[in-house]
Amino acid sequence: MALENNIELLDNYVANRMSATEKAAFEQQLQADPQLQRELEIQQQIREGIRQARITELKTMLGNVPVSAVPGTQLTGLAKLAIGTFAAAIIGAVAYFSFKPDGKTETQQPVITEVTPENPVVSQDETKVEEQADVVVESTTPDRKTKEPAKPNKNKKSEPKKDDAIASRPAIDAFDPAEETQPVSKTGDEMTAPVVENSAQAASKNDILTAVDNTNKKYKFHYVLKENKLTLYGDFESSLYEIIEVFNNEKRTAFLFFKNNYYLMNEDNDKIKPLTPINDPVLLKKLREYRAQKN
Amino acid sequence: MDEKEIFERICKGDEKALEFLYKKYYRMMTKLVITNSGTEEEARDIYQDALIVFWQKATSGNLVLTSKISTYIYSICQNLWRKELDRKKRLSNEEKDTAVSLDTETAERDKIILKCIEQLGETCKKVLMYYYFEEMSMQEIADKLGFANTDTAKTKKYKCKMKLDELVKAQYSEHDFLD
């Protein structure tokens, strides 16, 4: 009977809905009542179970939010400009490798078209966020501005473009983890401002949104790439992976670099396809050169 | 959406705002773990845990934000990751066995409770979660779930809790967890 009378008190205690005075009084009562203590134990377990269930639910919800791939491993717009000059050579190698001196005229094309498809992607991404959150993403606005000045550089000559890209390379590394860990380890608001800006900048540099699915038993090392959305199936958590995009005549070719291998990813349909490492020594050499230059 | 708006929406239990925040700082927060000898999976896990700590404190009204949201979440990530590294270190030593044996009964009880929660209807689950985890007021619960007033929310919560207690106790007695 005593327990029934105390049920509400017990619940308020467990749910953390008591004032300090009420709490103290109840704790005193608890000490003198072993039955109440046992009931409290059960109620605390139930409360913990509810909390755990909610945490799992929230984590599942967050786990389903599309986020871009491993930070710092994707290429920036400027990096893509830099590889633009390699584009024809690489694409050529895939189809009919022959490194001709006049390949230079081909290399001009990808550079011109490279940035163009990027902007719609950015705006698509923004629209998506707006739809989801009913908000305007402020952080992407300055970012778009930083991209726009790159447009006038898209003249028809590849040589100056290469220079531009190389000269701007330090900007690629702007999102340095050290810059983040240092300021925030101190305290104070002003410290975080650059951190937030950096992250916003880095976040919008990706065209291909990558998600990893390691739960599918059927697909252990597969991918599907469709409309800028890449899903990698398998254990991609064990090592860092990198998405390399190459543009040629408005056509994008995407490669994956993972555990010292390169993989070509076709985006012709939404079928889940296996990842097969590239063996062509010439193409591999080009890709390696590119990565070495990037790093 | 500025900081203030995000925070206000999160305080009200707006999950869309939480998703927005998750996306916004994903790179910054996961990088902290990845650059400190963590895998991407661990980084994601720590970041999600940190965000949920923030969410719980905000929804329960126990948080007065004196810094930027990112600063706050970042410091939680740092703490959680430090703890995790300590835990790993300890596990790699010799305490592993004792820790596991001590947790067996608790794990069994947790499993039973989770199973019972799963048997409740969606609204019941939500009411109890909002009450015990988000620590929302009855008014907030009524608003979130479209109940006519706080009395409806109270009654619903009471009935759902009774049902859960019943299910758990029946299972406990089956497993001899009750005296």
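**Exercise 1. How many disulfides does a search of the whole structure find over all chains?**

Before we start: this is a predicted model, where local features need pLDDT of at least 70, side-chain atom pairs count only at pLDDT 80 or more, and totals for chains, interfaces and linings use all residues. Residues are numbered from 1 along each chain as its sequence is written, chains are lettered from A and ligands numbered from 1 in the order in which they are written, and side-chain values use heavy atoms, leaving out hydrogens and water.

*Solution.*
1. Take a disulfide as a pair of cysteine sulfur atoms within 2.5 Å.
2. The search over all chains gives one: C124(B) is joined to C160(B), with S to S at 2.0 Å.
3. The link of C124(B) and C160(B) is left-handed, with -85° about the S-S bond.

**Exercise 2. Work out whether C124(B) and C160(B) are buried or exposed.**

*Solution.*
1. Buried means under 20% relative accessible area, exposed over 50%, and partly exposed in between (1.4 Å probe, protein chains only).
2. C124(B) has 15%, so C124(B) is buried.
3. C160(B) has 1% and is buried too.

**Exercise 3. Find which residues touch the most other members of the largest nonpolar core.**

*Solution.*
1. A nonpolar core is a set of buried Ala, Val, Leu, Ile, Met, Phe, Trp, Tyr and Cys residues joined through side-chain atoms within 4.5 Å.
2. Among the 40 residues of the largest core, the answer is I10(B), L21(B), Y47(B), F54(B) and I73(B).
3. Now follow one of them: with contact meaning heavy atoms within 4.5 Å, and leaving out residues up to four places away in sequence, I10(B) touches residues including L21(B), F54(B) and W55(B).
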